[in-house]
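Please walk through this protein chain with me. Keep the sequence and the 3D view side by side.

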Amino acid sequence: MIRLKDVARQSGVSVTTVSHVVNGTRRVAPDTEDRVQRAIAELGYRPDSIARALKSNRSRTIGMIVTAANNPFFAEVIRGVEDHCFAQGYSLMLCNTGDADARQLTYLQALRDKRVDGLIVMTAHSGPDFLEALARQPLPTVLMDAAPPDGDDIAVVNDDSRLGACLAIGHLLERGLEDIALLTGPVAHPRSAERLAGALAALDAAGIRPDASRIVATNLLADGGYDAMRHLLKRRPYPQALFAFNDLVAIGAMRAAREHGLTLPDDLSVVGYDDIELGRYLSPALTTVQQPIYEIGTMASIQLIERLEHRRPLRRLLQLAPRLVVRESVRESVRTADG
């Protein structure tokens, strides 16, 4: 096993100097640092990360808890987090909970046991036990896709979902589409609640109050959108348009509509939410509200690492602005020349 004293002997410097180079604890003359780095490379020295963490009380590792890493939305957020962590010399330890409360609590404790420096959490559903455990634990924490919980060292980064929903409904209304169905997520999901509030506010401003049968909750996956659309198609008249609270739901709904014999967008116009990459390759290509997904992950990482490196306080809530991406899944207009 190669040790610090072996690197010191190879480079002709003291063990203390090698330690400063390896741990970044003090500035070292450039030519001395070059000699040490060459010796490290030649000998294949690898620092003991656990020992370093115990000594410095820093592991330079961020723990991240997510609902489903195979969801395209989550995957893009993770990429934003990981890219910034890597650029700043931090490792990312990823835990996929499968949306299970027990696993959330288990992973939270496991990450603390691994001595991570901070936490990034993005779970679609978090029970009260998990949120209470987050508030009690001492690590600085940034949440995404959640409402700000109690806690002095906890922040939230997300998009303005209420605004995003207003953009979606406004686009449909501009095309003369007023009979709009809403495929929402679970009522308890904070982003779904905000999108529902925004959609209803936009409809109300236009003097439209949708029938309760036009609002269907789903599981925010493609199969949820498929089942919700089939439920809507059991009753006539069919809606003119559909606002799905994420793109996966929209994709599932579009499949069900086609199987029922509807033509898109002539018989049914569809707007999604998120702007995952798959949406642009559908036929018709999906009009959607674009969350700055990668940027949300990046901003969460920036917030946390600036807190760790510079002791800057976390911002309680940071919201990024969504924008509408117009493609082909909404028909041009249904208004007549008279009206």
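What follows goes from the whole chain to its rings, helices and backbone.

This is a predicted model: local features need pLDDT of at least 70, side-chain atom pairs count only at pLDDT 80 or more, and totals for chains, interfaces and linings use all residues. Residues are numbered from 1 along each chain as its sequence is written, and side-chain values use heavy atoms, with hydrogens and water left out.

Begin with the whole chain. Its secondary structure comes to 12 helices and 12 strands. Helices (H or I, at least four residues) and strands (E, at least two) are DSSP runs, numbered from the N terminus. Along the principal axes, the C-alpha atoms fill a box of roughly 90 × 40 × 30 Å. Of the 339 residues, 48% count as buried. Buried means under 20% relative accessible area, exposed over 50%, and partly exposed in between (1.4 Å probe, protein chains only). Contact means heavy atoms within 4.5 Å. Among contacts with a separation of 6 or more, 71% come from residues 24 or more positions apart.

Now look at the rings. How many aromatic pairs does a search of the whole structure find? The search finds 3. Phe73 and Phe74 form an edge-to-face pair, 5.5 Å centre to centre, with 80 degrees between the planes. Rings of Phe, Tyr and Trp (its six-membered ring) pair if their centres lie within 6.5 Å; planes under 30 degrees apart count as stacked, over 60 as edge-to-face and the rest as tilted. Phe73 is buried at 8% relative accessibility, and Phe74 is buried at 6%. Phe243 and Phe245 form a tilted pair, 5.0 Å centre to centre, with 45 degrees between the planes. Phe243 has a relative accessible area of 0%. Phe245 has a relative accessible area of 0%. Phe243, Phe245 and Tyr273 form one aromatic cluster.

Tyr273 leads on to a charge. Arg195 lies over the face of Tyr273, 3.7 Å from the ring centre. Such a charge sits over a ring if NZ of Lys or CZ of Arg is within 6 Å of the ring centre and within 35 degrees of the ring normal. Arg60 lies over the face of Tyr90, at 4.3 Å from the ring centre. Arg195 and Tyr273 are also among the residues that Ser161 touches, not counting residues up to four places away in sequence. Ser161 lies in helix H8 (residues 161-174). Ser161 is buried, at 0% relative accessible area.

Turn to helix H5 (residues 72-87) and helix H12 (residues 293-310). Their axes come within 7 Å and cross at roughly 40 degrees. Axes are lines fitted to C-alpha atoms, for helices over the stretch in contact, and angles run from 0 to 180 degrees between N-to-C directions. H5 and H12 are therefore oblique to each other. The contact includes Phe73, Val77 and His84 of H5 and Tyr294, Ser301 and Ile305 of H12.

Finish with the backbone. The peptide bond from Arg236 to Pro237 is cis, with omega near -5 degrees. Pro237 is in the loop between helix H10 (222-232) and strand S8 (241-244). The bond from Ser283 to Pro284 is cis too, with omega near 0 degrees. Asp274 has a positive phi near 125 degrees. Asp274 is found in strand S9 and is buried, at 5% relative accessibility.

Conventions. Angles under 35 degrees count as roughly parallel, over 145 as roughly antiparallel, 65 to 115 as roughly perpendicular and the rest as oblique.
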